[in-house]
Amino acid sequence: MSTCLPSETPGPLRRYRERELVNLSGDGTGELKEWHRFYDYEGFKVPDGPLLDKLRRTFLLRCSRNLFVLTGKDSSSSRRPKSSKDKSAWRTDKEFAREMLAGLNPVLIRLLQDSITKEHIENHLDGLTINKALEKKRLFILDHHNTLMPNLRRINTTSTKTYASRTVLFLKDDGTLKPQAIELSLPHPDGDKFGAVSKVYTPAEHGVEGSIWQLAKAYAAVNDSGHHQLLSHWLNTHAVIEPFVIATNRQLSVLHPINKLLDPHFRDTMNINALARQILINAGGVVESTVYPSKYSMEMSSVVYKNWVFTEQALPADLINRGMAEKDSDAPHGLRLVLDDYPYAVDGLEIWSAIETWVEDYCSFYYKTDEMVEKDSELQSWWKELREEGHGDKKVLEFYVWTYKINLTIL
């Protein structure tokens, strides 16, 4: 049968559509079996033994497939920048800064809008004062201080040792970023009430100072890599989307147009997340063994989740919140980037715009009026479950009245 809204379901089929959703939602009783076909919010344990081994092999196989194109060649070679003949190029300040815009975790750098101490950097701002550089939007920051500091004392009791870090960068006249200073901080030995013990390091090329500067950059880079794995990837990609997958399967019939729209994007998400809980984010798993928060990884992720706001996750909203873009009706996609050479934002906005146009056209085909959205019982149940159960632990979610325009924006 073709896709249709609940109200447009042919009469003889309506009870089957309603019964299917009841079956998929379950009644919350009994023991979950491997073959059961329903979705709930209780934790599901992937069985040990041959089935888990099969899941592991499948998971690793699918990961490896991402490395190859149909020709069997390494697809990464066509996407990565041309490598320099200088094998130490990765140590340069230019590359260190470039990776914040086009590297592993280009989602955290933000425009610096608060005044900072002049002592360490004002003589390196191409003749600008601190205030003038701030006014011209030439200063940026990569901040791994507030996320790490509350847990840093405990993290450093493990075999892992790290610092909380802040990196300040300056936008040069040629459009590239240059690191100006890196602040490394540790908890005060006399207790948290005394704040942090911090030291600022500035660029140097030779001698002991040059080696210390390389080490400071390494700490900042490690923090950025850990942030990517634990927060940008696990939390903001896998974990927060899981309630959407569950609610979609529980509340939207397979005949529902929004189910059809979302289903391809949810493919294998639940399987991957279940497997990740067995071998990646479990106690003593890969993440705890390789990412700096060690055994406090999941606790730190949970704390950061408290500041997660659904309506701020859209790429344009994120760029504006970080000061990396401004609204401009004359600019492509209605945004003017503060940095022209920001590949993540430039490419991302192209993709975002294409998806937005497609989703708007698709939804407009089924929903001709706001009233049709309001009277869609399945869609309203889906949204209610997301707010109250899926992400119900967030008491002050910035969810808005469900109108047609907001519907398009969210989807």
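Accessible areas here come from the Shrake-Rupley method with a 1.4 Å probe, and for residues, only the protein chains shown count as cover. This is a predicted model, in which local features need pLDDT of at least 70, side-chain atom pairs count only at pLDDT 80 or more, and totals for chains, interfaces and linings use all residues. Residues are numbered from 1 along each chain as its sequence is written, and side-chain values use heavy atoms, with hydrogens and water left out.

**View 1. The whole protein chain, for orientation.** The protein chain exposes about 24,100 Å², and carbon and sulfur atoms supply 53% of that area. Of its 411 residues, 40% count as buried (buried means under 20% relative accessible area, exposed over 50%, and partly exposed in between, with a 1.4 Å probe and protein chains only). You will find 16 helices and seven strands; these are DSSP runs, helices being H or I with at least four residues and strands being E with at least two, numbered from the N terminus. Contacts are heavy atoms within 4.5 Å. Among contacts between residues at least 6 apart in sequence, 61% join residues at least 24 apart.

View 2. The structure holds 19 salt bridges, each a side-chain nitrogen of Lys or Arg within 4 Å of a carboxyl oxygen of Asp or Glu. In the one formed by Asp93 and Lys217, the closest N and O atoms are 2.8 Å apart. Asp93 belongs to helix α3 (residues 93–102) and Lys217 to helix α6 (residues 207–239), so the pair ties together parts that are 124 residues apart in sequence. Is Lys217 buried or exposed? With 4% relative accessibility, Lys217 counts as buried.

**View 3. Asp143 and Arg166, a salt bridge between two strands.** Here the closest N and O atoms of Asp143 and Arg166 are 3.6 Å apart. Asp143 sits in strand β2 (residues 139–144) and Arg166 in strand β3 (residues 164–171), so that distant parts of the chain, 23 residues apart, are linked. Asp143 is partly exposed, at a relative accessible area of 24%, and Arg166 counts as partly exposed at 24% relative accessibility.

View 4. The side chains of Glu388 and Lys384 meet at 2.8 Å, N to O. Both residues lie in helix α15 (residues 377–390), four residues apart, about one turn of the helix. Glu388 counts as partly exposed at 49% relative accessibility, and Lys384 counts as partly exposed at 44%.
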